[in-house]
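Student: I would like a close look at one part of this protein. Please take me through it step by step.

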Amino acid sequence: MAHTLMINGREHQVDVDDDTPLLWVLRDVLGMTGTKFGCGMALCGACTVHMNGNAIRSCMMPVNALAGAKITTIEGVGDTEVGKRVQAAWLKHEVVQCGYCQSGQIMSAAALLASNGKPDDAAIDSAMSGNICRCGTYVRIREAIKTASGQVEV
């Protein structure tokens, strides 16, 4: 079935089954491999992207639910002001260890800061709770979010 998707400000035509998860359209059809497969059950957050500015898990989002939606992936988040700040803060705090979860972490952090410019620890913990980091970089993630929000100087 033909679907038109708006991803990172560009229109993409894809011919996939209606129930194909967005994750596999991004990775296998469009070659956007920055969004990672983690668990396939929306539990780990590695596949996080934005749909109309909200963080969603692309592994469970069928393409037929995306008509008219604006999708942003890790490849496009740096084109937004918030995304630029988050990516810069990630580098300043050397958040990345193995890196596998980081695209999902960045996407969740950017969605948080777009909706709450000065989150406290509880808001950060709540927004990031669906993103698992097996390397345990949670302290650096929190500090990077605070830096991106302008609450902490490095």
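This is a predicted model: local features need pLDDT of at least 70, side-chain atom pairs count only at pLDDT 80 or more; totals for chains, interfaces and linings use all residues.

Tutor: Start with the largest pocket. Its volume is about 160 Å³. The residues that line this pocket are Gly38, Cys44, Ala46, Cys98, Tyr100, Cys101, Ile132, Cys133 and Arg134. By class, the lining has 7 nonpolar residues, 1 polar and 1 charged. Gly counts as polar and Arg as charged, and both Gly38 and Arg134 are in the lining. Two domains contribute to the pocket: domain 1 (2-72) and domain 2 (78-149) each supply at least three lining residues.

Now turn to helix 4, residues 102-115. Two packed helices are described by the angle between their axes and the distance between the axes. Take helix 6 (residues 138-148) as one partner: the angle with helix 4 is about 40°, and the axes lie 11 Å apart. Helix 4 is therefore oblique to helix 6. The crossing of helix 4 with helix 6 is right-handed.

Next comes helix 5, residues 121-128. Its axis and that of helix 4 come within 9 Å, crossing at roughly 135°. That angle makes helix 4 oblique to helix 5. Here, too, helix 4 passes its partner, helix 5, in a right-handed crossing.

Definitions and conventions. Residues are numbered from 1 along each chain as its sequence is written. Side-chain values use heavy atoms; hydrogens and water are left out. On a 1 Å grid over the protein atoms alone, a cavity is a set of points where a 1.4 Å probe fits but cannot get out, and a pocket is an open set with protein on both sides within 12 Å along at least five of seven lines; lining residues have an atom within 4 Å of a point. Grid points are joined across faces, edges and corners, and a volume is the space filled by probe spheres set on the points. Domain bounds come from an automatic or database domain assignment. Axes are lines fitted to C-alpha atoms, for helices over the stretch in contact, and angles run from 0 to 180 degrees between N-to-C directions. Helices (H or I, at least four residues) and strands (E, at least two) are DSSP runs, numbered from the N terminus. Angles under 35 degrees count as roughly parallel, over 145 as roughly antiparallel, 65 to 115 as roughly perpendicular and the rest as oblique. A crossing is left-handed if the near helix is turned anticlockwise from the far one by less than a right angle, and right-handed if clockwise.
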